[in-house]
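Hello! Here are my notes for you to read alongside the model, arranged as numbered points.

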Amino acid sequence: MGVQEPGSSEFYVDRNVLNEISLDEVARKRTFSIKPPLKERVKDSLRCSVPKLKRSVLGFLPVLSWLPRYSLRDNALGDLTSGISVGIMHLPMGLAYSLLAGTPPVYGLYTSFYPVLVYIIFGTSKHISMGTFAVTSLMVGTVTQTLAPNSNYMTLNGTNGTAVLDSTALYNDRVQIASSLTVLCGIFQFAMGLLQVGFIATYLSDPLVRGYTTGAGIQVVLSQLSSTFGISTSLYTGPLSQVYLLIDVCRHLPMTNIGAVVITLVSLVVLITVKELNTCYAKKLPAPIPIELIVIIVGTIISYYANLNGLYKVAVVGQIPRGLLAPRNPDISLWGSVAGSAFALAIVGYAISISLGKTFGLKHGYKVDSNQELIALGACNLVGGFFQCHFVTPALSRSLLQETTGGKTQMVGLVSSVFMLIIILEIGTLFQQLPKAVLACIVYVNLKGIFVQFWDIPALWKSNKVDLMVWLVTLVCTILLNLDMGLAVAVAFSIITVIVRSQLPNYYILGRVPGTEIYLDIDAYEEVKEIPGVIIFRSSTTMYYTNAELYLDALQKKSGIDTGKLITQKKKREAEEKRQAKTEENKAKKEAKKLRLNGHLPNGTVHPEDDIDLQKASQDLKGNQLSIILTDRANNGQVNWAFEKSSEAGFPGDDLKTQKSSTNGDGEMGSSHNKHTLILDLSTASFVDTVTLKTLRNIFKDFKEIGIATYLTGCQVCVVEQLSIAGFFCESIPKSCLFATVHDAVLHSLRVHGDKDIILYDYALDTVNTKM
């Protein structure tokens, strides 16, 4: 056995044919596991040492790892500039997204302060910006508005008998609901992080997340139409709530506030124009123009001096208290009502966070720990909930701003938090006259990154239509159903597509590329040749209980061998032969008896004539018109009942190409050549279950009964071990029927079945010779 490399473009391999037993000897398979026993692993996990304790502490508190190594000269200027820019963006987004959550605007400022400080301690991503986000804020708003609708806080005016909204009680209850929901989300995320189940986000595929955020973005737009047109709409929850909301908006359009519409149009023109300029001149500008902050300041000044609220009834932000609030315990009694929404919110927030974190980590060459990010996000929401914040997660627009303005470490969060603290303590009260229409415009403009995801539709149409279906179903379900139910339906549909694709894999009959040991699909390649007498079958996925029956059906269809029908025909033929033999035996006895009675033979002896033998029985059997002419050629002690042996078959002369299986006019399967070997390529299998074991046993049994030997190839080590543990190998299915490669099995089959002409023509008898 040896390998030679005479040139860079070719190599030669000379080795013996290897089945599983000989491969274990050559490769010296270990008889013991290099993995420590479970008892030792448990002891090691419970054993405490100074290095292990240090690793655990640094892993749980990453700030202790990066802060001592922080370089002022390399990072300080970029982090300071980026922190101020992100802080400026926190102000309008905090005010706007707080309205989406159904809470007063000042609570959006708190949400942009406390959780950001917590993430500095626990987070591992250097570039994501924790804070408010449109989609998650809307999910919180759905819960707060459902549990605390406006209709529950209407009181009658004693003077004129009209209904008046008790806004103080309404917002107090909504803040309590939002903070209690956030604490529960934090508990879910923190617990999942400690349990190392960060992989759960992998069940939210990229098309699903993008379709979900797009659908949620459409809901965000619909929720802001009332502020845009200056009208009041009813609260709708549950399935089709967005359809009812849109109808309600259209119904109230005659009552549109012209002042709110003018403010909306002017703000949109200014915001879109300047943001496009920021994009076009990003390389020339030292930092993007903070147009949101400028629009807020200008809008507040105009509203204050023009008295838009008093003269034109333009809705404004209202009272913004100065200072920080004391911590407040969550209302645990609400957790039973919001548990489902909290879990969905926790998963969606984590999926957004980890996708952004890993994107920036790959771009800048550092690792983001998925489980630690789950702990960090949980800690942010757990602590923030006690300080009456609503749910937080990174926002794409802020994270991109943090990266493009030179942010390099988590210290950016500290700078932005200081900026937000100054606004909360001193500046926040100045924005009480800010029109809500301006905040709605800021929401619209910052949804651009979400709505560009509609370009996924043509891209997925070209690349993967199943992913496109997942994207569209998620979008439709998110819009027509509420966000929680829409997410559940989308996840279920995504999993169903995976199951269906695993149940409906592609199946191939393989042939050999001339001059190589490579075997490919005969339908996909013109030059690929089938091996005479050999069927090589491969599935594109693992065979397990959901597709085992389909595997067997595809094997019979592709190979052209209906084992059930052939076995039945074999039994009928054997029964007919026995009947004929019995008939001839009875006739012989009668002849002998007749001769004895006539005195021609001695008493007690019987000598059937030579013309009464098995040949005559065979001649009589020719009248049986079987759909498949069976052959009497012995095959390893058995009769191959599968196909008729062609009298004109000359394997080397017909260029080694066998004809594909065909079906005659009666629907019976036939072929022009004998098949003596079935090779199952299991290289795609990653595990075997009990149904797979049963199916493989039946294949070996049925094909053996019709005179076809069965071999397995390409089994991974874990698959071989599972087969051995399950007792698959036995006297009828020895371990020697497993081969390292398809080519090994082919060479072994051709040698065993005596097709030496074929072997000498294009194959090696005892070795594998390959040239590339």
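1. A definition to begin with: the expected span of a helix is 1.5 Å times one less than its number of residues. Helices (H or I, at least four residues) and strands (E, at least two) are DSSP runs, numbered from the N terminus. Helix α12 has twelve residues, and from its first C-alpha to its last it reaches 16 Å, close to the 16 Å expected at 1.5 Å a residue.

2. Some ground rules on provenance. This is a predicted model, in which local features need pLDDT of at least 70 and side-chain atom pairs count only at pLDDT 80 or more, while totals for chains, interfaces and linings use all residues. Residues are numbered from 1 along each chain as its sequence is written, and side-chain values use heavy atoms, with hydrogens and water left out.

3. Back to α12, and to burial. Buried means under 20% relative accessible area, exposed over 50%, and partly exposed in between (1.4 Å probe, protein chains only). In α12 the buried residues are Ser 241, Gln 242, Leu 245, Asp 248, Val 249 and His 252. Viewed down the axis of α12, these buried residues fall within an arc of 120 degrees, so they line one face of the helix; the arc is that of the directions from the helix axis to the C-beta atoms. Their cover includes α10, α11 (225-229) and α23 (465-480).

4. Next, the salt bridges. A salt bridge here is a side-chain nitrogen of Lys or Arg within 4 Å of a carboxyl oxygen of Asp or Glu, and by this rule the count comes to 15. In general, an α-helix has 3.6 residues a turn, so residues three or four places apart point the same way. Asp 248 is buried at 2% relative accessible area, whereas Arg 251 counts as exposed at 52%.

5. What does Arg 210 pair with in a salt bridge? Its partner is Asp 456, at 2.5 Å from N to O. The pair links distant parts of the chain: Arg 210 lies in helix α10 (residues 206-223) and Asp 456 in helix α22 (residues 456-463), 246 residues apart. Arg 210 is partly exposed, with 26% relative accessible area, and Asp 456 is buried, with 15%.

6. Gln 453 is found in the loop between α21 (448-451) and α22, and is buried at 9% relative accessibility. Not counting residues up to four places away in sequence, Gln 453 touches Arg 210, Thr 213, Thr 214 and Trp 471, where contact means heavy atoms within 4.5 Å. The side chains of Gln 453 and Thr 213 are also joined by a polar contact of 3.0 Å. (A polar contact is a pair of N or O atoms within 3.5 Å; within protein, one must be able to donate a hydrogen and the other to accept it, and residues adjacent in sequence count only if both atoms are side-chain atoms.)

7. Another salt bridge joins Asp 24 and Lys 735, with the closest N and O atoms 4.0 Å apart. Asp 24 is in helix α1 (residues 20-27) and Lys 735 in the loop between α29 (717-725) and β14 (738-739), 711 residues apart. Asp 24 counts as buried at 19%, while Lys 735 is partly exposed at 25%.

8. Finally, the sheet. Two strands pair if DSSP finds at least two bridges between them. An open sheet of six strands runs in the order β6-β5-β7-β12-β13-β14, with mixed pairing. At its edges stand β6 (519-521) and β14, each with a single partner strand, so one side of each is left without a neighbour in the sheet. Five of the six residues of β7 (residues 534-539) are buried, so this strand is largely enclosed by the rest of the structure.

9. Strand β5 (residues 507-512) pairs with β7 in the antiparallel sense over three bridges, and Tyr 507 has Ser 539 in β7 as its bridge partner. β7 and β12 (residues 677-681) pair in the parallel sense over five bridges, with Ile 536 opposite Ile 679 in β12. β12 and β13 (residues 709-713) also pair in the parallel sense over five bridges.
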